[in-house]
Amino acid sequence: MSNLGTLFERTAAGGGRGRRIATRAFTLELDRLADCGCLGEGLARLDSRCVLLAVGDMAKAAAALIELDGVTRRIVLCPPGADAQLLIALARAAEADALVYDGDAPSPEIDVAIRVACRLPLAPLAAPRAARFVTEWAMPTSGTSGPPKLVAHTLATLTAAFRPATGERWATFYDVRRYGGLQILLRSLLGAESLTLTDPNEGVDAFLGRIGQARATHISGTPSHWRKVLMSGGAHRIAPQRVRLSGEIADDAVLAALRALYPDAHVEHAYASTEAGVAFVVSDGRAGFPASLLREDGEVALRVVDDVLRVRSNRAALRYLGAGAPALEDSDGFVDTGDVVARNGDRCLFVGRRGGVINVGGAKVHPEEVEAALNAHRAVRASRVFARRNPITGALVAAEVVLSEGVAADEATKRDILAACRAALPAYKAPSFLNFVAELPMTDGGKLVRHG
Amino acid sequence: MKHIPQREMTRFMSTRLTILAAIREVATEQAKTLAPLADDLPLMETGLDSLCFAILVARLEEALGADPFTSAGDGRLPSTIGELIAFYENALV
């Protein structure tokens with residue numbers, strides 16, 4: 001049976017020396033992970049348990065995952081900074097009976113049978129690894145409100161999209177406890193030379209400095225992360241060969257800006273979701289994806305039902321956790337992504353989320369399509385579109401804009417941006433209100449915060 | 001004839017001018033051709049569509065600090081330019 005520990009040892013044996021995962025606080029020497037760990041004698045007590053993994057530093061999480069996979073029945077990847085209330089809700093949703101907590105922080109006040117501290121630096125394993133389970137990896141979906149909704153993956157579904165790759169030096173803005181970041185962590189453990197990870201309290205410039213020092217070749221983040229890089233003075237500290245965007249819609253403006261900033265890099269965007277897994281990577285530098293991907297005979301099958309993309313592949317999660325949870329897949333085995341797409345000739349474009357529409361007098365407006373129009377203006381670096389209540393039409397489209405460097409935040413700029421939107425969009429989709437802001441709020445997952 | 005103090009007169013005039021200016025501004029932005037704005041002109045014949053009115057009402061809320069369409073007490077809504085102006089003037093009293 002393959003578990004992360006054995007897979008890792010196999011690639012470690014073939015890989016070179018000096019492979020590492022680095023956060024600001026810790027560097028994990030991957031050579032040492034074969035016979036060292038971060039859970040000490042506590043690992044034996046976690047045998048066959050359902051474990052909440054709630055540690056701060058991502059290097060600790062990485063080391064703990066190698067130890068836990070195959071030993072525990074289920075690992076619950078708790079989001080960074082989860083408070084006791086969220087941990088209790090996650091424990092309930094996942095029926096967790098054990099907790100791995102950060103040995104450098106107070107143990108959270110939650111009611112579980114077993115608690116084990118996770119500490120770095122690595123210490124020799126108390127006993128050889130004895131893996132016997134196909135461990136379920138449970139993680140919350142990216143929905144924000146209400147009680148957490150967990151999906152279950154296994155190492156097989158999480159790594160199904162991988163192709164062998166060595167010598168790559170990765171860096172990511174993601175947190176490795178969410179699906180996108182976990183993909184990169186697992187890729188790194190199973191082949192890459194190094195992985196540079198961010199720290200929650202680290203500024204963009206400082207992180208870019210560390211990425212540059214690590215000479216990262218492959219760098220991934222959301223379009224929101226990358227817009228921050230574009231606005232940062234530290235953008236030239238990195239020299240990527242490959243720039244990857246995922247997690248949000250990558251519009252032509254951000255793709256073009258990144259190509260201009262990193263002319264030697266290959267800029268690509270990937271489509272994946274926690275539930276559906278990695279579906280495809282688009283490498284032609286344009287927003288959306290070729291309509292030729294809408295086929296059902298390959299490893300990843302795609303279809304559009306009622307304008308919403310559905311995905312079927314061996315990379316999808318197994319199911320939602322919890323009694324009475326809805327089915328993850330439809331009767332044909334497809335996962336409904338909730339992402340609305342529109343076809344334009346031989347191209348499919350992402351329009352927005354099914355639930356996120358603004359209703360302007362009965363006409364539907366996806367915030368994302370308006371943001372794409374705003375972002376196409378050279379004065380605009382980033383934007384956020386939301387509904388503003390209105391007694392005549394129910395709602396109007398309002399926008400907040402972060403201006404490009406050196407652009408005057410005056411009425412002339414505002415008029416120019418709005419005129420461009422009205423030229424590009426039907427009248428009801430063009431923003432009726434526009435404010436300039438210094439920055440836009442981002443979720444912990446690196447996505448733009450949307451109004452409810 | 002009811003005597004209106006000069007101060008209120010000025011405010012009424014300014015409300016009228018603010019509304020007429022906002023109507024012209026929205027029409028220009030939305031590329032609509034406006035009919036001459038007389039007090040007895042029905043709103044439906046101004047050349048503005050419902051999106052324009054929605055934007056107008058939101059702009060006037062910012063400019064005048066009132067949205068009588070949301071707070072209207074008796075549910076009677078204006079149907080001409082003159083009524084629209086009175087609607088706001090009453091809301092501001």
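**Close-up 1. Right-handed crossing of helices α2(B) and α4(B) in the predicted model**. The crossing of these two chain B helices is right-handed, a term used when the near helix is turned clockwise from the far one by less than a right angle. The axes of α2 (residues 50-64) and α4 (residues 81-92) of chain B come within 12 Å and cross at roughly 35°, where axes are lines fitted to C-alpha atoms over the stretch in contact and angles run from 0 to 180 degrees between N-to-C directions. Helices are DSSP runs of H or I with at least four residues, and strands are runs of E with at least two, numbered from the N terminus.

**Close-up 2. Residues in the contact of α2(B) with α4(B)**. B:Leu56, B:Val57, B:Leu60 and B:Leu64 of α2(B) make the contact with B:Leu84, B:Tyr88 and B:Leu92 of α4(B), contact meaning heavy atoms within 4.5 Å.

**Close-up 3. Strand β19(A) and its pairing with β18(A) and β21(A)**. Because five of the six residues of β19 (residues 308-313) of chain A are buried, this strand is largely enclosed by the rest of the structure; buried means under 20% relative accessible area, with a 1.4 Å probe and protein chains only. Six bridges join β19(A) to the antiparallel strand β18 (residues 300-305) of chain A, and A:Arg303 stands opposite A:Arg310. Three bridges join β19(A) to β21 (residues 335-344) of chain A, also antiparallel, with A:Val335 as the bridge partner of A:Val311.

Residues are numbered from 1 along each chain as its sequence is written, and chains are lettered from A in the order in which they are written. In this predicted model local features need pLDDT of at least 70 and side-chain atom pairs count only at pLDDT 80 or more, whereas totals for chains, interfaces and linings use all residues, and side-chain values use heavy atoms, with hydrogens and water left out.

Conventions
Buried means under 20% relative accessible area, exposed over 50%, partly exposed in between (1.4 Å probe, protein chains only). Two strands pair if DSSP finds at least two bridges between them.
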